[in-house]
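Here are a few exercises to work through with the model open. Try each task before you read its solution.

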Amino acid sequence: MRLKLLPALVLVSIPALVAAQSATPRYQPWGLELQHLDTSVKPGDDFYVYALGTWLKNQPIAADKVGTGYNYDLPDEIEGQVRRIVEEAAAKPATATAKKVGDFYAAWMDEAAVEAHGLQPLKPWLARIDAIRTRPELVRLMMRPGYPSPVNIGISADVDDPTRYMADSGQARLGLPTRDYYLLKGEKYDAIRQAYRAYLIKIQQLAGIPDAAAKADRIIALETRISQDQWTPEQRRDPVKTHNPMSRAQLAKFAPELDWNATLASMGLSSAAKVNVSEPSAVAATAKRLGDVPLSTWKEWMTARFISEVAPFLPKAFDQANFDFYSKTLRGVAEQRARWKRGMALIDDALGEAVGAIYVQRYWSPITQAKADELVSDMEAAYKEKIQAATWMDEATRKAALEKLGMFDPRVGHPAKWIDYTTLAVSRTDPLANQMAVADFQWRLQLKRFPKPVDRGLWYMTPQTVNAYYDPTMNQITLPAAILQPPFFDPNADPAVNYAETGATTIGHEMGHGFDDEGRQFDAKGRLRDWWSKETAAQYTVKADRLAEQFDQYEPIPGVKIKGRLTLGENLADLGGLETAYAAYRRYVARHGEPPVLNGMTGDQRFFLAYAHAWQGKRRDEAVRQQLLSDPHSPDKYRVNGIVRNFAPWYQAFGIKPGDAMYLPPEQRVSIW
């Protein structure tokens, strides 16, 4: 099923239309920058360095960024476009919503006013924490929008019946990125924990809080204790183990400290008969801490965490302390980003669709829409052929897989209906109040939807987001307008480039999530249901296990390897996306004829080279460390080398032979489709 776009939204400015109709691809000579190659390296020894070695050697990382590459360059370009929209809204708002955009931005940008107001905007929010006298009051405030909590309670689709919403709960993030930062041994992690302690002391002192060092020690001891019971990122990827719906009576026995009836009522969830508990053992253990840790310590924790989370909206000393720890220490970033750039990210979260509607009118082209639709159609057809030809699938499972594919809902460009921001209150003078108002508005939006059927038209990314996603409960892939442009998609580029970059890494990748180790457990209607025969599931698991074992061996920085289980879903989606995009490209070639040799490269060689260029990037070691410990995505280099070495057409395109460093014997290669 294809989501139809409203004709009124397929508007395009004259400059955008002219650009789309240009006969010249943006990246030369035919969609790629060939000067990035390092031909001194054999493709079979290190394909990523062969494709991008010159760029890797010469491209610096900007002082205000964790990395560099296409996935940083294109968002920079989008930021500039969005800035023009926002500044116009601030100067001459055309609508009430545009005025809110302008006021939000003006409040954020007025640094002098932030300094002049000092701690005053912070005080009323901290006063609510200070006023807590009982543990039930503590829990209820933790569940208020904008306040920190060690347990999250929210709303999501019910995986047993994705047409309806249900309440859910689970472990929350602590002050450090993952449990590993509290528990791993070694000088590096000791230094990070010491820096975290210094940061907690600093922000409390800036807020005039006495005994900051002792409070910091109690906070870290509490978080360390909680982290010991939290689930690992790998465990949290299991959709079966994280599906534990409980009745009110069960919840009361399971974690009475959370005072479920009163807490849910205070959140507006009185009608929630059940709550899913994602990580039961972690939630139960944390609830016990709510009961046995002194109330005063929990108030200290809430206070420090709240200050930390809103530090960017406070005077510069708070903002700088927050940057120094979370960006400089944890990710190796030397300089704070320009304030206007940070403002764009805040607006994207607060009023993203208000800006997105204007962005689409100015920058989204019907030509791009048509070509993207053709590419989606080819990818669907290629997946169908792949499923039909999969010898490891029995007929019953194949039939169910084809049914799921047939019900894929690809959404391209932008939503058909935009969020109404009428009830969002925005101040032109208080950026902290605005941030809290946004949290409250977003929660009220969810509450308004809760009693109704799940809205399949909602988007969880804005059109100006350079990304894409698959939602297993909706069986939807969503491709925002911003990612469907150069370097990832160019209507005038060599088709090999588009089929590799957008076909493999975006469309095929997101469709692949429907059949990765998580997504495959959801059926055509988005229900969490085992629709695989035991024999077929066993064969699939063998393939998945082998891919996980391959990635377990890669060590991007000394002493820290890729977690093959954590990254398995993304790696499977990468592999499936590449396999299927290549098949889709060959379908295109069958329709249009064998492509010519360009710059000495065949169409197949250009396809694989484009695939490598789509992952152009390098990151600071500190950022890579954080990625390896917590992120389900492998570093860019391994999303190329770790994938292509499993794919026979890559060997054929570049003549890869035994003895080449990346060579894998055929029996060791993993093929999903």
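**Exercise 1. Find the residue of β3 that is the bridge partner of Ala 157.**

Step 1: go to Ala 157 and look across to β3, where the bridge partner is Tyr 165. Strands here are DSSP E runs of at least two residues, helices are H or I runs of at least four, and both are numbered from the N terminus.

Step 2: zoom out to the strands. β2 and β3 (residues 161–171) run antiparallel and share eight bridges; two strands count as paired if DSSP finds at least two bridges between them. With two residues between them, β2 and β3 make a hairpin.

Step 3: check the surroundings. Of the eight residues in β2 (residues 151–158), six are buried, so the strand is largely enclosed by the rest of the structure. Buried means under 20% relative accessible area, exposed is over 50% and partly exposed is in between, with a 1.4 Å probe and protein chains only.

A word on ground rules: this is a predicted model, so local features need pLDDT of at least 70 and side-chain atom pairs pLDDT 80 or more, while totals for chains, interfaces and linings use all residues. Residues are numbered from 1 along each chain as its sequence is written, and side-chain values use heavy atoms, leaving out hydrogens and water.

**Exercise 2. Describe how Trp 108 and Phe 313 form an aromatic pair.**

Step 1: apply the rule. Rings of Phe, Tyr and Trp (its six-membered ring) pair with centres within 6.5 Å; planes under 30 degrees apart are stacked, over 60 edge-to-face, the rest tilted. That gives a count of 39 aromatic pairs.

Step 2: take this one. Trp 108 and Phe 313 sit 5.7 Å centre to centre with 70° between the planes, so by the cut-offs the pair is edge-to-face.

Step 3: Trp 108 belongs to helix α4 (residues 96–109) and Phe 313 to the loop between α14 (295–310) and α15 (316–331), 205 residues apart. Both are buried.

Step 4: look for a charge. Arg 339 puts its charged end over the Trp 108 ring, 3.7 Å from the centre; the test is NZ of Lys or CZ of Arg within 6 Å of the ring centre and within 35 degrees of the ring normal.

**Exercise 3. Locate Gly 514 and work out which residues it is in contact with.**

Step 1: Gly 514 is in the loop between α20 (495–513) and α21 (534–552). Its relative accessible area is 0%.

Step 2: skip neighbours within four places in sequence. Gly 514 then contacts (heavy atoms within 4.5 Å) Lys 404, Phe 408, Tyr 470, Gly 519 and Arg 520.
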